[in-house]
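Hi,

Here is the structure I promised to pass on. Have a look at it first, and then read my notes below.

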Amino acid sequence: MKTFNTTMEELYNLEQSIIKAGVMNMSFSRKGSFSISRNMKKIANELEEYKTQRAELIKQYSDGSDSIGPDSPHWAEFLTEFQSLSSVATEINLNTIAQEDFPEEIAPVTCVLLEFMLEDEKEESK
C-alpha cells in the first residue's frame with residue numbers, strides 16, 4: 001500500500017486519462033490487474049461527491065444546461081466556485097504495482113499515467 005496525496009481536480013483528470021487511454025483493457029499481470037482495478041474503484045468512490053458537486057455547479061451557472069463555457073454570463077462566478085471545489089486535497093491508500101506487472105509491450109504514455117501506482121524503490125528492495 002502507498003498513500004497518494006493530490007487534489008480532486010488532479011484525481012479526476014487522472015481517472016479520465018486512464019479511462020481514455022484504455023488502460024482497463026490492457027493485459028497486466030494478475031497482481032497488476034487486481035491492483036489497478038481496486039485503485040480505480042477507490043478513485044471512483046473518492047470522486048463520487050466531487051462529480052455530483054461539479055455537475056450541480058455547471059447546471060446552476062449555465063441555467064440548467066449540462067455544459068458551461070467562457071462565453072457564459074456566469075462564467076466568472078462558476079470558475080471561482082469550481083476552483084474552490086477542485087482544489088480540495090485528498091489522500092488515497094493505493095495498492096501498488098511493480099514494473100514487472102506491466103504488459104511486455106506498453107506505450108510510454110501508459111507508464112506515465114500509472115506512475116503514481118508504482119511501488120516505491122524502498123518497497124521494491126524489501
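A definition to begin with: angles under 35 degrees count as roughly parallel, over 145 as roughly antiparallel, 65 to 115 as roughly perpendicular and the rest as oblique. Angles run from 0 to 180 degrees between N-to-C directions, and axes are lines fitted to C-alpha atoms, for helices over the stretch in contact. Helices (H or I, at least four residues) and strands (E, at least two) are DSSP runs, numbered from the N terminus.

This is a predicted model, where local features need pLDDT of at least 70 and side-chain atom pairs count only at pLDDT 80 or more, while totals for chains, interfaces and linings use all residues. Residues are numbered from 1 along each chain as its sequence is written, and side-chain values use heavy atoms, without hydrogens and water.

Now the helix pair. The axes of H2 and H3 cross at roughly 175 degrees and come within 10 Å, so the two helices are roughly antiparallel to each other. Their contact (heavy atoms within 4.5 Å) involves, among others, Tyr-50, Leu-57 and Ile-58 of H2 and Phe-78, Phe-82 and Leu-85 of H3.

Next, H3 itself. Phe-78, Phe-82, Leu-85 and Ser-86 are buried there (under 20% relative accessible area; exposed is over 50% and partly exposed in between, with a 1.4 Å probe and protein chains only). On the other side of H3, Ala-76 and Thr-80 are exposed. The cover over the buried residues of H3 includes strand S1 (2-7), helix H1 (8-20) and helix H2 (30-61).

Finally, Gly-69 sits in the loop between H2 and H3, and Gly-69 counts as buried because its relative accessibility is 14%.

Best wishes
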